[in-house]
Every structure is written in structure tokens, then in C-alpha cells.
Amino acid sequence: MKRLPQNVLWVVGSFLLIGFVFAWGSGCNNISPTPTEQANSTESPTEKIKLVYWEKWDHFEAEAMKRLVEDFNASQDRIEVEYVRLVDIRTKTLLAVAGGRPPDIAGLFPEVLPLYAEKEAILPLDGLMERDNINASRYLPVIFSLCQHEGHTWGLPTTPTSLALYYNKRLFREAGLDPQKPPRTLEELQSMARRITRYNEDGRIERLGFSPELPRWFRLWWIHWFGGRLWDGEGRMTLDSPEAIAMLEWVQSFPITFGTESLQRFHATEGPFNSAQNLFIAGRVGMQLQGVWMANFIERNNPNLEWDVAPFPTANSGGHPVTIVNCDVLVIPRGSRHPEEAWEFIRFVQMQKNMERLCRDQWKFSPLVQVSESFYANHPHPRIQMFRTLSESPGAVPAPRPVIIEEVREEVYHALDSVWLLQATPHEAAQRAQVRLQGDLEQQLTQWKRVEKMRRLSWLELMPAREALEQQSASTLPGEGKLP
């Protein structure tokens with residue numbers, strides 16, 4: 001029987017509640033005001049239209065966006081945006097939409113867009129984009145793909161990231177390794193990890209070369225550095241593929257080499273990620289897969305650390321660099337009282353000068369194709385161009401985001417846990433995950449086929465400025481369009 005831990009039961013219960021509220025709200029016509037109702041809404045001509053913007057960022061990332069919000073509010077006298085930081089923004093935004101009290105703008109992760117779209121919880125932006133001449137040519141292709149689902153665009157990107165190998169140059173030298181020659185293959189990475197690892201007098205690990213479990217954030221994506229993927233993009237999961245089994249064998253090789261208990265004890269000494277107790281920042285881990293943001297935390301907590309970055313090694317050398325690319329997205333929830341004004345703010349963020357300021361202040365690269373020379377010249381991240389180059393590689397993969405993402409995450413994590421704890425062979429773990437997830441995927445696809453036609457018609461009804469798509473103006477110019 002499939003496991004249902006307590007947190008999963010909570011999520012299932014939440015979605016049952018969401019489904020009930022959506023069904024009730026659609027029948028009562030309480031969720032999405034019609035254009036006529038919006039036009040007839042009473043706004044005092046002397047008062048600004050107030051937009052509520054929910055976002056997940058805190059600390060320096062939040063401060064960067066707050067400055068942009070202040071700039072927008074000062075740039076015109078009609079609209080005032082309020083930035084509200086929200087914990088667990090994914091679930092709370094969906095529940096707010098279902099209850100008919102959503103924010104006007106929400107900052108989400110792309111992985112939720114397919115679910116939100118199929119739940120009719122966000123508005124498709126195609127009509128607004130066509131009307132205002134914003135199109136895919138403005139953005140890096142791998143990033144724009146994260147904003148789409150079933151042929152529609154559901155959000156626009158803000159701050160992107162790609163993943164790379166951070167490594168400690170001092171530990172390389174102490175192990176007799178050349179800091180100018182990071183590993184190119186996973187075999188080289190394992191060899192270097194063994195040379196960097198040191199033990200104390202009690203036989204415990206004092207310094208570790210590398211662990212695929214530090215951090216555990218990217219476990220779902222390891223398969224891509226082996227040339228595989230989680231599913232074929234259509235109707236079949238591929239967790240029983242040779243690449244998936246090779247990935248599980250690689251993960252299991254670490255507890256076999258260093259000992260499960262020894263690694264677990266070492267991992268337990270890690271403090272908060274954004275602190276000096278982070279094991280890589282503290283100089284106790286030689287190599288780590290991390291995102292573009294890591295340089296900021298190094299600078300804040302251990303500016304004397306000697307580090308560099310390189311493409312994360314792959315199973316086979318000679319191919320294109322492989323990375324996972326992700327981003328944040330701005331969406332307009334269904335039921336927003338002011339979708340046109342929300343779109344005006346989103347457009348403001350997409351302007352090149354504003355996007356570059358936000359990304360620079362968050363130590364990230366721009367998702368736009370066009371980038372000014374001053375962006376790189378004044379950027380605080382010393383290796384920012386490498387992360388941008390990785391995102392342009394033919395080996396760059398958009399962060400996988402099937403509608404059944406939660407089921408996929410649970411099963412892949414269970415498979416990784418079982419091989420890490422030496423409780424199953426890689427083949428056994430792969431087969432078990434494949435069988436369970438294939439059933440989930442087929443069930444989801446069957447459900448989608450039943451509602452697809454109705455859902456597509458509904459999306460068109462929800463789409464602001466959909467008449468712009470029908471007109472397909474011949475005067476539309478590619479690229480920057482109306483955005484400076």
C-alpha cells in the first residue's frame with residue numbers, strides 16, 4: 001500500500017476543500033467578476049487603486065523587490081501596490097482563490113503553474129501579452145518555457161537561477177588537487193571527494209569532499225546529469241530507465257564508501273543554510289551543487305572563503321554542460337479585483353532596467369535576452385556570467401514540473417532514501433517508483449482528457465484582452481515591443 005504520511009494527508013485534505021470551494025464558487029459565480037462587473041465597480045476618482053501583492057521572499061530578496069514596488073508606486077498616481085510576505089504561498093494562494101479573496105498579484109514558483117492552470121486559479125496572460133507586444137523572443141527560451149502550460153502563458157519571470165558546482169579552492173590545494181581543474185565527470189568528482197575527505201581521531205568525518213545529500217534540495221533532478229529524465233513528457237514515467245538506475249547506483253556509492261551512519265552524523269552538524277554553520281560556507285565540505293544565490297550567503301557569512309564555480313560534472317564527458325534552470329514568476333490570480341492594473345505592475349517589472357536592478361540586487365542573472373553591459377560590470381556576483389552561460393547551454397533543462405509533482409517528489413525521495421540507507425538495490429527502488437508513479441500519471445492523464453475541451457474553452461473566457469489574440473495585429477513588432 002502506498003504510504004500516506006501526515007503531511008500528505010494534510011495536502012490531500014486541503015485539495016478536497018479547494019475542490020469543494022471551487023465547485024461551489026463556480027456555481028454561485030462568486031469567484032471571477034465579469035468585465036462588466038469590474039467596469040461598474042466603484043472606485044473613488046481621488047483614491048489610488050490598491051493592489052495586494054503576495055510574495056514568498058524575505059530578507060535581502062524581499063528588500064530588493066520592495067524597492068521596485070516603491071519605484072512603481074512613485075512612477076504614476078493611479079495605483080499603489082502593497083508587498084505582503086507570505087509563508088507557504090503555494091497553498092495559501094490557491095485557498096484564497098478558491099475562497100474568492102485572492103491577492104491581485106502573486107509571486108510563485110513555476111512548478112505550481114500546471115496545477116494552478118488546470119484548477120483555473122490563475123489567468124492566462126496571452127491576450128495581454130499580444131496586446132502589449134510582449135512575446136517569447138524577449139526571454140531566454142529555457143526560462144520562458146517555465147511560464148507555459150498547454151500552449152498558454154500563465155506568468156512572467158522575475159529572478160532566475162541555474163545550478164553549478166561550488167568548490168573550495170583551499171581544500172583542493174590541501175588534497176593535492178589543482179584548483180584550476182574542477183571535476184568534469186562524476187567519476188572524477190567521486191575520486192576528488194575521497195581525497196578531500198578527512199577524519200578526526202575518533203574516526204568520524206571532519207571534512208567531507210562531497211555528498212549528494214548536502215543539501216537535499218536538488219534530489220529530484222539528479223537524473224539529468226546522467227542523461228535521463230523523470231518522464232517522457234507524454235504518457236510514461238522513465239524511472240526504470242538505465243539512466244535512472246545509474247543515478248541511484250551513484251547515490252548509493254557514497255554510503256557504501258563512507259558509511260551511512262558516518263555520513264548521517266556529519267550531515268547532522270550542519271546549521272541553517274544562510275549562516276556560518278552551513279558546512280560548505282564553514283569550509284568543511286569541498287564541493288556542493290548550488291544555485292546562483294550561494295555567492296551572496298558566502299559573502300555575508302564567510303567572505304574569506306576561497307571558492308569558485310564550474311559546470312556540475314556529468315556521467316560522461318564531452319557533451320554540453322548540464323544544469324537545471326528555474327525562476328520566480330509573477331501571476332494574476334483568478335478573482336483579482338484589478339487584473340489590468342496588476343498587469344501594469346507586471347509589465348513594469350519586465351522592463352529591462354527594472355528587471356536588471358531586481359536581479360542584480362538579488363545576485364541573480366537576468367531572464368531577458370538583452371542585457372546591458374553595465375549589468376555585468378556592476379554585478380556583485382563575481383561569476384554571474386557563468387550562471388547565465390549555463391542557462392543558455394543546449395544541456396540546460398527547465399525544472400521539471402508535471403501536474404503530479406508532489407507524487408513524483410514523494411516517490412523519488414523514497415527511492416533515494418531506500419538506496420541511501422542500503423535498504424534496497426537501485427534496481428528495486430527504481431522499479432517500485434516506476435510502478436507507483438506510472439499509475440498516478442495515467443490517472444491524471446485520463447482525468448485531463450475528460451475535461452480538456454471544457455477547460456480550454458474556460459481559459460479563453462478567463463483570458464483578459466483575449467480579443468487581442470483574435471485580431472493578431474500585423475503591426476506587432478518582435479522583441480522589446482512597447483517595453484523600454
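This is a predicted model: local features need pLDDT of at least 70, side-chain atom pairs count only at pLDDT 80 or more; totals for chains, interfaces and linings use all residues.
Residues are numbered from 1 along each chain as its sequence is written, and side-chain values use heavy atoms, with hydrogens and water left out.

User: Happy to start with the helices: are helix 17 and helix 18 roughly parallel or roughly antiparallel to each other?

Analyst: Good place to begin! Helix 17 (residues 405-420) and helix 18 (residues 426-462) pack with axes 9 Å apart and at an angle of about 170°. Angles under 35 degrees count as roughly parallel, over 145 as roughly antiparallel, 65 to 115 as roughly perpendicular and the rest as oblique. Helix 17 and helix 18 are therefore roughly antiparallel.

User: Is His338 buried or exposed?

Analyst: His338 lies in the loop between strand 11 (323-331) and helix 13 (339-350). Buried means under 20% relative accessible area, exposed over 50%, and partly exposed in between (1.4 Å probe, protein chains only). Because its relative accessibility is 5%, His338 counts as buried.

User: And Ser275, which residues does Ser275 touch, not counting residues up to four places away in sequence?

Analyst: Ser275 sits in the loop between helix 11 (260-267) and strand 9 (287-291). At 9% relative accessibility, Ser275 counts as buried. With contact meaning heavy atoms within 4.5 Å, and leaving out residues up to four places away in sequence, Ser275 touches Ile281 and Asn301.

Terms used
Helices (H or I, at least four residues) and strands (E, at least two) are DSSP runs, numbered from the N terminus. Axes are lines fitted to C-alpha atoms, for helices over the stretch in contact, and angles run from 0 to 180 degrees between N-to-C directions.
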